[in-house]
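Could you walk me through this model in my viewer? I would like to know what to select at each stop and what I will find there.

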Amino acid sequence: MRRSFASTVSLLAMTATITSAPMVARAQSFNATGTIVAGAGAIQTAPNTTSVFTDAPSVVINWTPTDTTVGGGPINFQSAGTTATFANRDATTLNVLNRILPVDVSRPVVFNGTVISQLVDLATGVGTRGGTLFFYSPGGILVSSSGVFDVGNLALSASDLAFDPTSGAFGTGGTYSFLAANAGSRVEIQNGARIVAGPTSAYVALIAPKVVQSGTIDVDGSAVIVAADASTITFRPNGLFDI
């Protein structure tokens, strides 16, 4: 059953408004340099786009934002009107842990554009919504009113995850261990933001010491909103989960 969660869940009475530095024109979608640190794949950039292709079942990418200022407001990690796409290339699955690591770890990062994940049939070359994307940043993650995620499964977290440096695996059997987060970090989905996940038995997870959900989450499966310093979560194929 597809379920929509719109402007109804707010934890810890958070009412902050997302603000970001003046937007600067960029040649790509993610305003950052990406380095694949586990697994295999490729990152390609073009005007207004960032494309990630995976060649292993699991891939871990460290992203270093171009904004290296210490202090100030949120970092404009993804510019409005741009698109970042993730797709499998030589692997039959798509699992990517994106670790966004700013110089100032207290500053949250902001998604203002569109993020897409496509699971490609290697025989036909046809891609459909699918795969699993995790995004972590120590200062937290904000999705602005113009931000859109069109993905298979999604986790936005202020808690890092341990991963195998060779295989890139960052979970086992659907179980993920989220490490201790920085005090005061948050995940916030602003009013107007939209997350779509599926096609079937999908999940969306928002995990941080403070969580605000004021946007729209449309998922064929379950939405998991966890306000915690650290947690272990198991996502099950039937759409249920253990925390």
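Start by selecting R99, which sits in strand β9, spanning residues 95-100. The model is a predicted one, so keep that in mind as you look around. Is R99 buried or exposed? Its relative accessibility is 12%, and because buried means under 20%, R99 counts as buried.

Now show the neighbours of R99. Leaving aside residues up to four places away in sequence, R99 touches V60, I61, N62, W63, Y136, D160 and F163. Pick N62 from that list: a polar contact of 2.8 Å joins its side chain to that of R99.

The structure holds 17 aromatic pairs. To see a tilted one, select F170 and Y176, whose ring centres are 5.8 Å apart with 35° between the planes. Both F170 and Y176 are buried.

Which residue stands opposite Y176? Look across to β22, where I233 faces Y176.

Finally, select 175-178, 231-235 and 241-242 to bring up the sheet. Strands β17 (175-178) and β22 (residues 231-235) run antiparallel and are joined by 4 bridges. The open sheet has 3 strands in the order β17-β22-β23, with antiparallel pairing. At its edges are β17 and β23 (241-242), each pairing on one side only.

Notes
Residues are numbered from 1 along each chain as its sequence is written. This is a predicted model: local features need pLDDT of at least 70, side-chain atom pairs count only at pLDDT 80 or more; totals for chains, interfaces and linings use all residues. Side-chain values use heavy atoms; hydrogens and water are left out. Helices (H or I, at least four residues) and strands (E, at least two) are DSSP runs, numbered from the N terminus. Buried means under 20% relative accessible area, exposed over 50%, partly exposed in between (1.4 Å probe, protein chains only). A polar contact is a pair of N or O atoms within 3.5 Å; within protein, one must be able to donate a hydrogen and the other to accept it, and residues adjacent in sequence count only if both atoms are side-chain atoms. Contact means heavy atoms within 4.5 Å. Two strands pair if DSSP finds at least two bridges between them. Rings of Phe, Tyr and Trp (its six-membered ring) pair if their centres lie within 6.5 Å; planes under 30 degrees apart count as stacked, over 60 as edge-to-face and the rest as tilted.
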